[in-house]
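Dear colleague,

Please find the structure below, handed over for your reference. My notes on what was found in it follow directly after.

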Amino acid sequence: MEKAIENKDKRMNLFRRIVDLYVDGFRNMTIGKTLWILILIKLFIIFVVLKVLFFPNFLKSNFNNDADRAQHVRNELMHDK
Amino acid sequence: MNDLMSLVDWSRAQFALTAIYHWLFVPLTLGLAVIVGIMETIYYKTRDAKWLGTTKFWMTLFGINFAIGVATGIILEFEFGTNWSNYSWFVGDIFGAPLAVEGIIAFFMESTFIAVMFFGWKKVGPGFHLASTWLTGLGATISAFWILVANSWMQYPVGMKFDPEQMRNVMESFSAVALSPVALNKFFHTVLSGWTLGAVFVIGVSAWFLLKKRNNEMAIRSIKIASWVGLAGIVLTIFTGDGSAKVVSRVQPMKLAAMEGLYHGQCGQSITAFGILNPNKCCTNNENEYLLNISMPKGLSFLATGDPNAFVPGINDLIDGIEITQNGDTVHNVSYADRIALGKQAHEALKAFDTAKKKGDKAAMDIARAAIEKNFQYFGYGYLDSPSEAVPNVPMTFYAFRVMVTLGGYFLLFFVVVLFLVYKKKSILADNKWLQWIAILSIPAVWICSEAGWITAELGRQPWAIEGLMPNKAAISDIPSSSVVLTFFIFAVIFTALLIAELSIMFKQISKRSKENIDNAKI
């Protein structure tokens, strides 16, 4: 029982140390703050603006299932372009 | 047809733009990771504050590059789904599997260990920190491996079988895909060229420190490490480049012929050391290939096969079906005109399969399936109108190859000279402004060299999205070209802004840190 509690404490300590690593790391950053702002802006543009507005998955958004997608590609590739 | 070509051209331009920008960041990450790892290893062994300061300085520049470059490659995957949907479906899981492995490994290894690398100096022991630094670099390298496996499969499609019912290629051998000779050569050639690029960057920035007379000792220390890494990198890059040429001569002989501007090959074929192509030459006329050609006798035969007297086919020879085999033997293979006919037969068989499928006629489906399989290796040729369509852009491939090779030769000389100076004539390196400026100006040159390598590899395989199986015009989605044009310019703006941001932050950081005493560092 005591050993189980000890192991649990160790796991909690490890988890806490990992969280502290990130929290303290972000808190003490100098140049990193500018970089993180840039990263967040970039990720927002890539995943929210570009992906959602400009880059829908053509086959997923136009066809409901794999059989229809396969049929569309077959139709496309059967006709010489 | 004009609309289709416009769509294909804009989609290619967009992909090229994204890939070229992405490749500005990646090789620096690969190269700096090794150099920073060596520096920290020396610090770990000596516990000398000077090495700690040196490590931390270059680690900061590594972090800036990593932060700006991270996720720029994801956009390429978006483009596959939107602009290249026929391709994305057709390649099935073969292309997706390496990219998925890359995503998992890149995410877990790089994101975990880079946090320890930057946040962990006071939180973890020196050994664990050192391991994290190396594992970050290893993660980036493994990530590069899987991306290059995917790219190599497009150049040399192996390990799969086409299933007309699913209309996609199904993987039969993961090891054949992951360990193909193209993938292995491309991986080593590319990653080692990243070491070269990182080393030139470190030497160039250090030369700027020497020019400004700031932190001279740190600069000399950095140049010593970078020169060894760079010399190892460039020697091995040249060695693996030679291996790549031999593989290309067998699996993509048209690319090799385009790299040389060679239309009619011969035994003991020379290689062009310096040349100007005749812009009017094409595979359907008899004009001279070059306006000026300074060549090395038997050089191409040796480069391509290891035998100085071997036959190397030119563009017209290949169109006529003359190739060299795995053993280096010259054979009369299927001409491109016949390949087009056989490809069209495969298309007809696919149509028969489709008709049979709609009727639910299993026997007819099996017959059609067998007919597709028989000519599937020529499936892509069926989309070509004439053999000349299978010829890549010769001038761009030819000149890009020469830019890469010439600069590669320059960097070999560069590292030898820098190593000699830094160990034997340190005062010349520390005081000679000409040398310092040459080192600084070598920084843009190494990026040009690296990008020229990619241009050679990717333009040389045109018109294929997948070699022999799918040309670009069959790979494209049925979307309006105007949407691709719009996103092309959006990307151009975003990537240019990111590049300006990186350069601006990096220049400021280098300038600011150069005024501090970098050697006086603390954990």
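Does B:T29 count as buried or exposed? At 8% relative accessibility, B:T29 counts as buried (buried means under 20% relative accessible area, exposed over 50%, partly exposed in between, with a 1.4 Å probe and protein chains only). The residue B:T29 belongs to helix α1 of chain B (helices are DSSP runs of H or I of at least four residues, strands are runs of E of at least two, both numbered from the N terminus). Leaving aside residues up to four places away in sequence, B:T29 touches B:F62, B:N65, B:F66 and B:A140 (contact means heavy atoms within 4.5 Å).

This is a predicted model, in which local features need pLDDT of at least 70, side-chain atom pairs count only at pLDDT 80 or more, and totals for chains, interfaces and linings use all residues. Residues are numbered from 1 along each chain as its sequence is written, chains are lettered from A and ligands numbered from 1 in the order in which they are written, and side-chain values use heavy atoms, with hydrogens and water left out.

The interface comes next. In it, 59 residues of chain B are in contact with 41 residues of chain A. The area buried between the two chains is about 4000 Å², with carbon and sulfur atoms giving 73% (buried area is the accessible area, with a 1.4 Å probe, that two parts lose on being put together, summed over both). Of the area that chain B buries against chain A, B:F78, B:W89 and B:F119 supply 18%, more than any other three residues. B:F78 is also one of the buried residues of α3(B), a helix in which eight of ten residues are buried.

Between chain B and chain A the count is one salt bridge (a side-chain nitrogen of Lys or Arg within 4 Å of a carboxyl oxygen of Asp or Glu). Its partners are A:R74 and B:D354, at 3.2 Å from N to O. B:D354 also forms a salt bridge with B:K358, the closest N and O atoms being 2.9 Å apart. Both B:K358 and B:D354 lie in helix α13 of chain B, four residues apart, about one turn of the helix. At 61% relative accessibility B:K358 counts as exposed, whereas B:D354, at 5%, counts as buried.

Over all chains, the structure holds 18 salt bridges. One of them joins B:E165 and B:R369 (3.7 Å, N to O). This pair links distant parts of the chain, 204 residues apart: B:E165 is in the loop between β1 and β2 of chain B, and B:R369 is in helix α14 of chain B. B:E165 is partly exposed at 33% relative accessibility, and B:R369 is partly exposed at 26%.

A further salt bridge is formed by B:R221 and B:D519 (3.0 Å, N to O). B:R221 lies in helix α9 of chain B and B:D519 in the segment after α19 of chain B, so the pair ties together parts that are 298 residues apart in sequence. B:R221 is buried at 10% relative accessibility, and B:D519 is buried at 15%.

With kind regards
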